[in-house]
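Work through the exercises below with the structure in view. Try each task before reading its solution.

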Amino acid sequence: MPQKDAITLLDDDHKKVEQLFKDFQSETDRGRKEHIVRTICTELTVHTQIEEEIFYPAFRQKVGDKDVADDAVHEHQEAKQLVSKLESQGVKDDMVLELQKLIEHHVQDEREKMFPQSRSAGMDLDALGTRLEQRKQELMEQQTV
Ligand SMILES: [Fe+2]
Ligand SMILES: [Fe+2]
């Protein structure tokens, strides 16, 4: 399988989580809903970490749009607070909906601002894709779901 570039890899993660939120909304079984939320939390934890360790620093260096990068990190912080609430307090539907809205907004910003800027600034998206993939695998192995 050919290596995905950084944007394809990150946006595939986004699509996966978007689908999981849809699955959550249409699922009626409580146990399955809770399982879906645990998967969403794991995916978001790993995704935000690889962006913050690898993609965002490369973006800051090459594109240098501080506002876009700072805003993205701020939105990650908000998402992480909700994820830890869901993990510690159990699954509440209104909290899941709040997280879904936040993530939808955040993903839209990455798709419409950060990713196009990254392409036009000539970031090395293939090399970054390789690093993101490796780090993602490492972190996924550390997650116990
Ligand atoms: Fe992302
Ligand atoms: Fe992000």
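**Exercise 1. Find what the side chain of Gln-3 reaches, then place Gln-3 in the chain.**

Solution. The side chain of Gln-3 comes to 3.3 Å from the backbone oxygen of Gly-129. That is a polar contact (a pair of N or O atoms within 3.5 Å; within protein, one must be able to donate a hydrogen and the other to accept it, and residues adjacent in sequence count only if both atoms are side-chain atoms). Next, list the contacts, meaning heavy atoms within 4.5 Å. Leaving aside neighbours within four places in sequence, Gln-3 is in contact with Gly-129, Thr-130 and Glu-133. Gln-3 lies in the segment before α1. Helices here are DSSP runs (H or I, at least four residues), numbered from the N terminus. Gln-3 is partly exposed, at 41% relative accessible area. The classes are buried (under 20%), exposed (over 50%) and partly exposed in between, with a 1.4 Å probe and protein chains only. Finally, look across to Glu-78: 75 residues separate Gln-3 and Glu-78 in sequence, and their C-alpha atoms are 31 Å apart.

A note on the model before going on. This is a predicted model, in which local features need pLDDT of at least 70 and side-chain atom pairs count only at pLDDT 80 or more, while totals for chains, interfaces and linings use all residues. Residues are numbered from 1 along each chain as its sequence is written, chains are lettered from A and ligands numbered from 1 in the order in which they are written, and side-chain values use heavy atoms, with hydrogens and water left out.

**Exercise 2. Check the span of helix α1 and describe its buried residues.**

Solution. Start with the length. Helix α1 covers residues 6-26, which is 21 residues. The rule is 1.5 Å times one less than the number of residues. Now the N-terminal end. Asp-5 caps it: a side-chain oxygen lies 3.0 Å from the backbone nitrogen of Ile-7. Then the buried residues. Among them are Leu-10, Asp-13, His-14, Val-17 and Phe-24. The buried residues of α1 pack against α2 (30-62), α4 (93-120) and α5 (125-142).

**Exercise 3. How do α1 and α5 pack, and which residues make the contact?**

Solution. Two packed helices are described by the angle between their axes and the distance between the axes. For α1 and α5 the angle is about 40° and the axes are 7 Å apart. Axes are lines fitted to C-alpha atoms, for helices over the stretch in contact, and angles run from 0 to 180 degrees between N-to-C directions. Angles under 35 degrees count as roughly parallel, over 145 as roughly antiparallel, 65 to 115 as roughly perpendicular and the rest as oblique. So α1 and α5 are oblique to each other. From α1, the contact uses Ala-6, Ile-7, Leu-9, Leu-10 and Asp-13; from α5, Leu-125, Leu-128, Gly-129, Leu-132, Glu-133 and Lys-136.

**Exercise 4. Which residues coordinate the iron ion (ligand 2)?**

Solution. Donors are N, O and S atoms within 2.8 Å of the metal (3.2 Å for Na, K and Ca); water is not among the atoms, so sites may look incomplete. The donors to the iron ion (ligand 2) are Glu-51 (OE), Tyr-56 (OH), His-76 (NE2), His-106 (NE2) and Glu-110 (OE), at 2.0 to 2.4 Å. Their spacing in sequence reads E-x4-Y-x19-H-x29-H-x3-E. Glu-51 also bridges to the iron ion (ligand 1), and the two ions lie 3.2 Å apart. Glu-51 and Tyr-56 are both buried.

Now follow His-76, which sits in helix α3 (residues 66-89). His-76 is buried, at 1% relative accessible area. Its side chain makes a polar contact of 3.0 Å with the side chain of His-106.

**Exercise 5. Is Gln-117 buried, exposed or partly exposed, and what does Gln-117 touch?**

Solution. Gln-117 belongs to helix α4. Its relative accessible area is 23%, so Gln-117 is partly exposed. Not counting residues up to four places away in sequence, Gln-117 touches Phe-59, Val-63, Asp-65 and Val-68. With Asp-65 there is a side-chain polar contact of 3.0 Å.

Definitions and conventions
Helices (H or I, at least four residues) and strands (E, at least two) are DSSP runs, numbered from the N terminus.
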